[in-house]
Amino acid sequence: MTERISIVENILSANDRLAEENRARIDMAHVFSINLMASPGAGKTSLIEQTLPLLKDKMRIAVVDGDIATSLDADRAAAAGAQASIQVNTGGECHLDAVMLHGALNQLDLPQFDLLMVENVGNLVCPAEFRLGTHKSVLIASVPEGADKPYKYPGMYRGVDALIINKIDLLPYVNFDMDYFRRGVEALNPGVITFPLSCCTGEGMDAWINWLIENTKR
Amino acid sequence: MHELPITQSILKIALKHANEANAKRIENIHIVMGELSTNVDDSVQFYWDIIAKDTLAEGAKLHFRRVPAELQCMACFEKYHPNDDELLCPMCGSVGAKIIAGEEFYVEAIDID
């Protein structure tokens, strides 16, 4: 006799449960945390490198770096002044998930820190699907990537809390239609806070730094 | 994108509920997949045949129910289906729609014996 059992259980629920656990640990330690996502080469590590010197006298910062291989990024974060920098090698996985962040948190004495920056694997598709438990998701777009990215990666653009437009120093040299880009962003994620900046020249970094300080104080 | 871990997760959910009901075997698994969910049902089925072997779920059929995407404009409150190259509301041209449906991805039910 066949019998039907009604279930309704989310297929990614195991990850989501662990993400909630991560969040509880981060909250308990009074740390503000961000999940930095972007395509490869958009400037995730550069942004961390430029951010650390501007904040390290004001707060204690831990960086968790996700990469498929190598500890190059964690080394760069440590050199730029992170009080702790943990490398997570995903062994081929194209994104960080809550389990991996959980493992990294085990290596940190969280109450020692004010800000936790998690650098996800360079990818505009998969990281959007896996919640980590961080407070804010931040996406870095960069001018040379082209203005069509919101249209092509809507899952990523609609889920983020803040958007950085990096490499604005290149605007005179590349064909980037800012209006078209912003229309796409606004359609997917109306009112999302946006920081146009250049990690190379430092232009626009102030607003980003202030946003981090304000959120960390909370 | 992550069909292997996802297939494992589906198997785990199905086996848990089947065991609780003292099932002898699982005949069907009903999965709901929104249009905006990026997973591919063909690949899930491919992995399924491999990983469900020697479990209660061996030979179970996977059924996917597709839910079309639906957006609601936050200016005129019209509901519409998004198309590929235009994200604006087709009625009033406003930006800023809310996703009402299309992101689902869950196991809805299993049929057991």
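Modeller: A helix here is a DSSP run of H or I with at least four residues, a strand is a run of E with at least two, and both are numbered from the N terminus. This is a predicted model, in which local features need pLDDT of at least 70 and side-chain atom pairs count only at pLDDT 80 or more, while totals for chains, interfaces and linings use all residues. Residues are numbered from 1 along each chain as its sequence is written, and chains are lettered from A and ligands numbered from 1 in the order in which they are written.

Biologist: What is the order of the elements of chain B from the N terminus on?

Modeller: Chain B has two helices and six strands, which follow one another as α-β-α-β-β-β-β-β.

Biologist: How does the radius of gyration of chain B stand against that of a compact globule?

Modeller: The radius is taken over C-alpha atoms, and the globule rule is 2.2 Å times the number of residues to the power 0.38. For 113 residues a compact globule would come near 13 Å, but chain B has 18 Å. Along the principal axes, the C-alpha atoms of chain B fill a box of roughly 55 × 25 × 15 Å.

Biologist: What share of the residues in chain B is called buried?

Modeller: A residue is buried if 20 or more other C-beta atoms, placed from the backbone, lie within 10 Å of its own, exposed if 12 or fewer do, and partly exposed in between. By that test, 25% of the 113 residues in chain B are buried.

Biologist: Which strand of chain B pairs with S1(A)?

Modeller: S6(B), residues 105-112, is antiparallel to S1(A) over six bridges. In this pairing Ile110(B) stands opposite Ile5(A).

Biologist: What makes S4 and S5 of chain B edge strands?

Modeller: Chain B has an open antiparallel sheet of three strands in the order S4-S3-S5. S4(B), residues 79-80, and S5(B), residues 97-101, each pair on one side only. S3(B), residues 70-73, meets S5(B) in the antiparallel sense over four bridges, with Cys73(B) bridged to Ala97(B).

Biologist: How many residues does each chain bring to the contact?

Modeller: Two residues are in contact if their C-beta atoms, placed from the backbone, lie within 7 Å. The contact takes 23 residues from chain A and 23 residues from chain B. On the side of chain A, strand S1 (3-10) and helix H7 (178-188) each supply at least two residues, and S1(A) gives the most, with eight. That side of chain A divides into 13 nonpolar, five polar and five charged residues; Ala, Val, Leu, Ile, Met, Phe, Trp, Tyr, Cys and Pro count as nonpolar, Asp, Glu, Lys and Arg as charged, and the others, Gly among them, as polar.

Biologist: How do you know that the buried residues of H4(A) line one face of the helix?

Modeller: In H4(A), residues 98-106, the buried residues are Ala98(A), Met100(A), Leu101(A), Ala104(A) and Leu105(A). Seen down the axis, they fall within an arc of 160°, so they share one face; the arc is that of the directions from the helix axis to the C-beta atoms. Gly103(A) and Asn106(A), on the other side, are exposed. The cover over the buried residues of H4(A) includes helix H1 and strands S3, S4 and S5 of chain A.

Biologist: What puts the buried residues of H3(A) on the same side?

Modeller: Asp73(A), Ala74(A) and Ala77(A) are buried in H3(A), residues 72-79. They cover an arc of only 100° around the axis, which places them on the same side. Leu72(A) and Ala79(A), on the other side of H3(A), are exposed.

Biologist: Which residues have the most contacts inside the largest nonpolar core?

Modeller: A nonpolar core is a set of buried Ala, Val, Leu, Ile, Met, Phe, Trp, Tyr and Cys residues joined through C-beta atoms within 7 Å. The largest has 65 residues, and Leu139(A) and Ile164(A) have the most contacts inside it. A second, separate core of 20 residues includes Ile11(A), Ile29(B), Ala57(B) and Val107(B).

Technical notes
Two strands pair if DSSP finds at least two bridges between them.
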